[in-house]
Amino acid sequence: MIPSTCGNGSTAQSCKAFQNLQKAEPIVASISIDKKTGRRTIQFSGSDGKRRSIRLGKVDKRTAEAVKVRVERLVSALLMNHSPDDDTARWVAGLEEPLYEKLAATGLVAERAKATLKGFIDHYYATRKDVKQSTKTMWGHTRRNLIEYFGEGKNLRDITQGDAEEWRLYLLHDQKLASNTVRRRSGMAKQIFRAAIRRKLISDNPFSDLPAAVGGNAERQYFVSREEADRVLAACPDVEWRVLFALSRFGGFRCPSEHLRLRWQDIDWAQNRLTVHSPKTEHHEGKASRLLPLFPELRTHLFDLWEAAPEGAEYVITRYRGTNSNMRTTLSKIIKRAGLNPWPKLFHNLRATRQTELQEEFPSHVVCSWIGNTQSIAQKHYLQVTEDHFEQAAGGAKSGAVDRQNAVQREAAPNRTVSQGNPQVVRRKKDTPPRAIRCGVLQRQKLGDEGLEPPTSCV
C-alpha cells in the first residue's frame with residue numbers, strides 16, 4: 001500500500017511525483033570531454049526521455065562537476081513539477097548569458113528574453129486571461145511607471161530591494177502620486193515579481209517590503225451636501241447627465257461600470273426597486289447584482305429620462321459607452337459651472353456621501369447591502385464625520401440629514417400609471433408610462449410589543 005504522505009510535509013501531488021521518481025532510475029547527468037579540443041559537455045535525459053547536451057567549452061573538471069550537480073537538481077525539479085531549491089534558484093539567477101542560454105535551449109529554465117522587464121510584464125499580462133480588460137488597463141499604469149523608471153530592457157534579476165524603494169519614492173515625489181495610488185502600484189509590482197519567481201526567473205522579490213495596503217485618506221474625503229448636489233443638478237446640460245449624477249449621489253453607484261450596465265428592465269417602478277449589476281463584484285458568488293430602493297431623488301430624474309428616451313431604448317445611459325470616454329472631465333466642468341470647486345475624488349466622494357447619509361437612518365448591514373460593500377470597507381473608506389454630527393451633538397440641529405430626507409418624501413409627485421409588463425422586454429414608447437406609484441421610499445412600520453418574532457405559547 002502506498003502511504004498517503006511522504007513524511008516530510010509534502011503535498012499529495014508532490015508526494016506522488018516523488019514516489020514515481022523513486023521507482024525510476026536516479027537522475028544522473030554525465031560529463032564527456034573531447035580529447036582533441038579539451039571541451040567538456042554535460043549530457044542528461046529530459047522529462048520526455050530524450051538525451052540532451054550542454055556544451056561547456058574549455059572549463060576545468062571542478063567547474064564542470066559543479067554545473068552537473070545543478071543540472072541534476074533542475075531536471076529533478078522539472079520531473080517533480082516544483083521549483084528548484086533556493087540555492088539552485090540563486091545560482092540560475094546569477095548565471096551569465098552564454099550558459100543561461102544553453103540551459104534555456106534544453107528547457108531547464110525559461111528563456112531569458114522574457115526576463116527583461118518589458119518582455120516579462122507583457123508576457124504576464126497576456127497570460128492573465130482571468131481578469132477583465134478594464135483591470136489590465138489599470139495595471140497598465142504600473143507597467144508604465146516601472147518601464148519609465150528602470151527601462152524596458154532592464155533584467156528582472158538586476159532589480160534590487162534598494163531599487164524598488166527608490167522607485168516608490170520616485171512615484172511619491174517626482175510623479176507626485178497620492179500615497180494610496182503608490183501603494184496600489186507597489187502591490188501590483190509585487191504581484192508581477194511573484195509571478196517571475198514562480199517561473200524561476202528570479203529568486204527573490206525586490207518589492208516584497210514595500211507597503212501595499214490601501215488605507216483611508218481623510219484629506220481626500222468630502223461630504224457633498226444636498227445644497228451642493230442641487231446646484232450641480234441645475235448645472236447639468238441635459239436629463240441624462242442629471243441621471244448620471246443622481247445615480248452617483250443618491251444611488252451610490254460605482255462609476256462608470258454600474259451606470260453603463262443599468263437597463264430600463266432593471267427598474268421595477270411598481271415595487272420601487274432597481275437592480276444594480278456590478279462588474280467589480282460579479283466574480284464573487286452571489287454578488288453579481290444587488291437590489292436598491294428607488295429613492296425619490298432617483299425616481300424623479302429616471303422618470304424624466306424615461307419619457308425622453310427613444311423607442312426601443314435598452315440602456316438607461318446611452319452615451320459614454322466607448323472605451324475612451326472621460327466622464328470625470330465633464331463632471332468637473334459641470335461642478336465649476338455650478339459655482340463650486342471640484343471635490344478630491346469626484347465620483348467616489350458622491351458614493352461615500354450617500355453611504356454616510358443612509359447610515360443615519362438605516363442599519364449598517366442594510367446600507368452595505370444597498371451600496372454593495374462590506375461594513376469593514378465602509379468604515380475604512382466611506383463613512384465620514386459631517387458638520388451635522390457636530391451640530392446634533394451640540395444641540396443645534398434636531399435631525400440633520402433625516403429631516404432633509406423627510407422633506408423630500410413630503411414632496412409628492414402627481415399620480416402615475418404603471419405598466420410593468422414583461423421585465424425582459426425592451427422598453428417601448430407605446431408602453432404605459434409609470435405613473436401609479438408615488439415618489440416615496442420603502443415604508444417602515446413600527447414594531448408591536450412582541451417585536452419581530454411572533455408570540456409563542458410556551459413563554
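Arg226, Arg249, Glu297, Arg354 and Glu357 are joined in a network of salt bridges. A salt bridge here is a side-chain nitrogen of Lys or Arg within 4 Å of a carboxyl oxygen of Asp or Glu. Side chains of opposite charge can pair when their charged atoms come close. By this rule the count comes to 17 salt bridges.

Before going on, a word about what you are looking at. This is a predicted model, in which local features need pLDDT of at least 70 and side-chain atom pairs count only at pLDDT 80 or more, while totals for chains, interfaces and linings use all residues. Residues are numbered from 1 along each chain as its sequence is written, and side-chain values use heavy atoms, with hydrogens and water left out.

Glu297 and Arg226 meet through their side chains in a salt bridge, 2.8 Å from N to O. Glu297 belongs to helix H12 and Arg226 to helix H9 (residues 226–235), so to speak two distant parts of the chain, 71 residues apart, linked by this pair. Helices (H or I, at least four residues) and strands (E, at least two) are DSSP runs, numbered from the N terminus. Both Glu297 and Arg226 are buried, where buried means under 20% relative accessible area, exposed over 50%, and partly exposed in between (1.4 Å probe, protein chains only).Helix H12 itself covers residues 296–308, and its 13 residues reach 19 Å from the first C-alpha to the last, close to the 18 Å expected at 1.5 Å a residue. That expected span is 1.5 Å times one less than the number of residues in the helix. Among the buried residues of H12 are Leu298, Leu302, Phe303 and Trp306.

Next comes Glu258, which has two partners to look at. Arg254 forms a salt bridge with Glu258, with the closest N and O atoms 2.8 Å apart. Glu258 also forms a salt bridge with Arg290, where the closest N and O atoms are 2.9 Å apart. Because Glu258 lies in helix H11 (residues 257–261) and Arg290 in strand E6 (residues 289–293), this pair ties together parts that are 32 residues apart in sequence. Arg254 and Glu258 are buried, and Arg290 is buried too.

Strand E6 leads us to a sheet. Three strands form an open sheet in the order E4-E5-E6, with antiparallel pairing. Strand E4 (267–268) and E6 stand at the edges with a single partner strand each, so one side of each is left without a neighbour in the sheet. Two strands pair if DSSP finds at least two bridges between them, and 5 bridges join strand E5 (residues 273–277) to E6. In this pairing, Arg273 stands opposite Pro293 in E6.

Now find Asn145, in helix H6 (residues 133–150). At 1% relative accessibility, Asn145 counts as buried. Apart from neighbours within four places in sequence, Asn145 is in contact (heavy atoms within 4.5 Å) with Trp167, Tyr170, Leu171, Leu177 and Arg185.

Finally, step back to the whole chain. The protein chain has 18 helices and 6 strands, and 39% of its 459 residues count as buried. The mean pLDDT (the predictor's confidence in each residue, from 0 to 100) is 80, and 78% of the residues reach 70 or more. Over residues 1–24, pLDDT stays under 50, and over residues 435–459 the pLDDT is below 50.
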